[in-house]
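Colleague: I have this chain open and would like a short tour. Can you take me through it?

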Amino acid sequence: MKIIILGAGQVGTSVAANLVSEANDITVVDHNPDLLRELQDRFDLRTIFGHGAHPDVLLRAGAEDADMIIAVTNSDETNMVACQVAYTLFHTPTKIARVRAQSFLEQPKLFTSEALPIDVAISPEALVTDYIIRLIQNPGTLQVLDFAGGRIRLVAVKAYYGGPLVGHELRTLQQRMPHVEARVAAIYRQDRAIQPEGDTVIEVDDEVFFLAAPVHIRAVMGELRRLDESYKRIIIAGGGNIGTRLAKALEQSFRVKIIERKLGHCKRIAESLEKTIVLHGDAADQDLLLEENIESTDVFCAVTNDDEANILSAMLAKRLGARKVMALINRASYVDLVQSGSIDIAISPQQATIGSLLKHVRRGDVVMVHSLRRGAAEAIEAIAHGDKMSSKVVGRRIGELRLPKGASIGALVRGDAVIIAHNDTLIESEDHVILFLQDKRRIAEVERLFQVGVTFL
C-alpha cells in the first residue's frame, strides 16, 4: 500500500517502523528536518519537509495516488484539516486521524463525509486508559486484550512457583479444568518464543498467553500462579488527559487519589471528578507518598508526560511498599530497560495505538490487531469469507491449514458462541478467527490465507 504519515513524532515513527517492514511504500511528512533526517537514516522510506495540512505539501508527498493517510501530528486541528484536504482534493480512500481532545471525540457527527471526512479517529489517551483499566480489573495480569467485542480475551501472565500447572504438561490443563474452555496461544521463556504443544511443560517465570472468555480468566490464572486479591486503593501520578480519564473511570469502584504538580490543574480536575481525592505535590516526594499510605496502596500508576518522572516515582512507590506499580513510558528503549526491574508493568502508548492502525492496513477482512512483545508478535482477529472453493480456510479443519511457522489459531467466534480451537475444529464462513503470530514478519502469509479471490480491505 502507498501510505502517507503526517507527523514524525513518537507515534508517527512507531507507525512508520511497523509499516515499512511490511513492504509498504511509506512517505513521512513533518516540519522538523532533524526528525525526518533521523527517520531516513533508520528506515527505507521517503520524507517530505512541510506542513502536513497544506495541499502543496500533500501533493509532493504523493497524495494523488495514495491509498491511505495517517495524520498523527501533535495538533488535532492539523490532523483533521489534513484529512479534509486529502478527501476534497485527492479523494484519498482511507483517512485516519489522531484526535486527543475529548470535546471533539464526544461529537461523532463531526467525523462524517458531510463534515470532517475522517474514516477512523484514534485517541491514544483513550486506548491507553482502556488498557490500564483492564489490567486493574484483572489483578496479576501483564496484558489483557479484547477480541470479538470482549467476548473473548487474550491474557498474558507470568507463571510462578507453586502454580498447579507449573512443572506439568499443557495437556493436563484440560484434565484439571474439564468445564473451562481455554487455550494457551504462546509461551515466552527468557524472551524466546516456544510453540505450545500438549507435551510442553510450563516452567517458573514463563510468560504465558492464553485465550478464554472473561468469566474463565481467573480460573485459568489460578493454574499458573497464586491469585491476587482484587485491588481497592489506587494512586495515579499525573492529572493530565490519561490520569483524569483513568480516575473518572475507576472512582465509582475503587478508592482513587491523583497526585498533580500544577496547583491550577489540581483545582480544575477536582471539579470534574466526584469521589477522587486530588493532591497537590510531587509523586516522587517520599514524604508525600508515606503520608498517603503508599505501603497499603494496591496500584501506583505513573502517567505523567515525563518518562523519567514516571520511572522514578514508580520505582520509589515500589520500594516504599506499593503492591503493584505501572509506568507510562514513551521511549521504547526505556520499556525494555525497566520491565525486568522493580516496575511491574511498563505501558507503551505506541504499542497500545499501533494495533488500531494496523487493522486498517491488513489485507483480508481483519477487524482487530494487537501488537505484542514490543511489536515483535501480533494477535489478529480475521473474518473468514467465501466457501471451500474460493477460500483457503472456510470448510477446512484447523489441522488441515498451512499456517506459517509460529502461527496458531486459538479460538473462533461464531455468532455469540466462543469456540476454543482444536485440530478437528471446522471453520465456517463469517467465523471470527483469533490467531497468534510469534513473528509478525510472517503476516503476509496469514493475509493470503484469508483473502477471497482478489485482495480487499
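Colleague: Before that, what kind of model is it, and how are residues numbered?

Modeller: This is a predicted model, in which local features need pLDDT of at least 70, side-chain atom pairs count only at pLDDT 80 or more, and totals for chains, interfaces and linings use all residues. Residues are numbered from 1 along each chain as its sequence is written, and side-chain values use heavy atoms, with hydrogens and water left out.

Colleague: Which domains does the assignment give?

Modeller: Domain 1 (2-122), domain 2 (140-224), domain 3 (233-351) and domain 4 (362-450). The bounds come from an automatic or database domain assignment.

Colleague: And how far apart are the centres of domain 3 and domain 4?

Modeller: Over C-alpha atoms, the centres of domain 3 and domain 4 are 38 Å apart.

Colleague: New topic. How many cavities of 30 Å³ or more are there?

Modeller: The search of the whole structure gives 2. On a 1 Å grid over the protein atoms alone, a cavity is a set of points where a 1.4 Å probe fits but cannot get out, while a pocket is an open set with protein on both sides within 12 Å along at least five of seven lines. Lining residues have an atom within 4 Å of a point. Points are joined across faces, edges and corners, and a volume is the space filled by probe spheres set on them.

Colleague: What lines the largest cavity?

Modeller: Its volume is about 40 Å³, and the lining includes Val11, Arg98, Thr353 and Leu357. β5 (94-98) and α14 (349-358) each give two or more residues, and β5 gives the most, with 3. Helices (H or I, at least four residues) and strands (E, at least two) are DSSP runs, numbered from the N terminus.

Colleague: What about the second largest pocket?

Modeller: That pocket has a volume of about 970 Å³. It has 39 lining residues, and Val303, Thr304, Asn305, Asp306 and Asn330 are the closest to its centre. α12 (307-319) gives the most to the lining, with 5 residues. Domain 1 and domain 3 each supply at least three.

Colleague: Last one: at what angle do α1 and α14 cross?

Modeller: The axes of α1 (residues 10-20) and α14 cross at roughly 55° and come within 10 Å. That makes α1 oblique to α14, where angles under 35 degrees count as roughly parallel, over 145 as roughly antiparallel, 65 to 115 as roughly perpendicular and the rest as oblique. Axes are lines fitted to C-alpha atoms, for helices over the stretch in contact, and angles run from 0 to 180 degrees between N-to-C directions.

Colleague: And α6 with α9?

Modeller: α6 (124-137) and α9 (241-250) pack at about 45°, with their axes 9 Å apart. That makes α6 oblique to α9.
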